[in-house]
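Here is a short tour of one protein chain, written to be read with the model open beside you. Take a look, then follow along.

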Amino acid sequence: MSLIPSKRVDRIFPIIPPLCLLVAVQVARFVKDEKNRARNVRWIAATIALAVLFSAGYAANRVVSGYRDHRDALSIFGRQVREEAAQNHWRYEAIGSTDEGLPLYLMRPHFLKPDEAVTQWNAGQIDALAVPANQAPELMRELHDSTRRFESTQRKHLRRPNYVLLSR
């Protein structure tokens, strides 16, 4: 599942405990075979060694590619927004896109719809707004007295937009 960009790998985690039980049952059955016990134990050891090597290689690859592709850009942007908002005593929100994690990084319970955000901004209820960079020019025409503060780091090899912080 992690090879498909639109799927989140954490959705497969619930299947891991039943798979572990299934492997344990199979290993126990393999070890009980008195005739081929030595050969079976070697196969089990080789299989476990390959599984450990594959898992470690996969994890190392994900960490290295994460650093190379700036996958932490969204969390850094969220931290910068929170710090800027705290320093300037801003009330801030976020307009949604495909990044499900942005509300968590901004410590917001949910995304606002663009129309709702424009209404709250123009009513003076919001001082800053995190928006997808591709929607920023259009929204800035509707948001009175808005300026671009900063943009998230460009994330490589991802189909998700960067974000921009707009403020008064």
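## Overall layout

What pattern does the protein chain follow when read along the sequence? The answer is α-α-α-β-α-α-β-α-β-β, made up of six helices and four strands. Please keep in mind that this is a predicted model.

The protein chain has 168 residues, and 28% of them count as buried. Its accessible surface comes to about 11500 Å², with 60% of that belonging to carbon and sulfur atoms. Among the contacts with a separation of 6 or more, 58% are between residues 24 or more positions apart.

## Aromatic pairs

Two aromatic pairs are counted in this model. One is formed by F54 and Y58: the ring centres are 6.3 Å apart and the planes meet at 20 degrees, so the pair is stacked, as the limit for stacking is under 30 degrees. In general, the distance of the centres and the angle of the planes are what describe a pair of aromatic rings.

Where do F54 and Y58 sit relative to each other in helix α2? They are four residues apart in that helix, which spans residues 37-68, so about one helical turn separates them. F54 counts as exposed because its relative accessibility is 59%, over the 50% cut-off. Y58, at 33%, counts as partly exposed.

## Charges over rings

R108 lies over the face of Y92, 4.4 Å from the ring centre. R168 places its charged end over the ring of W121, 4.4 Å from the centre of that ring.

## A glutamate in helix α3

Now turn to E84, which belongs to helix α3, residues 73-88. Is E84 buried or exposed? With a relative accessibility of 17%, E84 counts as buried, because the cut-off for that class is under 20%.

Which residues is E84 in contact with, once its neighbours within four places in sequence are left aside? They are W90, R149, F150 and L165.

## The second largest pocket

The last stop is the second largest pocket, which holds about 180 Å³ of space. Its lining consists of V23, Q26, V27, F30, W43, I44, T47, I48 and A51.

Which helix gives the most to this lining? That is α2, with five residues. Helix α1, residues 16-32, and helix α2 each supply at least two residues of the lining.

Key:
Residues numbered from 1 in each chain as written. Predicted model: local features only at pLDDT ≥ 70, side-chain atom pairs only at ≥ 80, totals over all residues. Heavy atoms only, no water. Phe/Tyr/Trp six-rings, centres within 6.5 Å; stacked < 30°, edge-to-face > 60°. Buried < 20%, exposed > 50% of the residue type's maximum accessible area, 1.4 Å probe, protein only. Lys NZ or Arg CZ within 6 Å of the ring centre and 35° of its normal. Contact = heavy atoms within 4.5 Å. Areas by Shrake-Rupley, 256 points an atom, 1.4 Å probe, with all protein chains shown as cover. 1 Å grid on protein atoms, 1.4 Å probe; cavity = no way out; pocket = protein on both sides within 12 Å on 5 of 7 lines; lining within 4 Å. Points joined across faces, edges and corners; volume = space filled by probe spheres on them.
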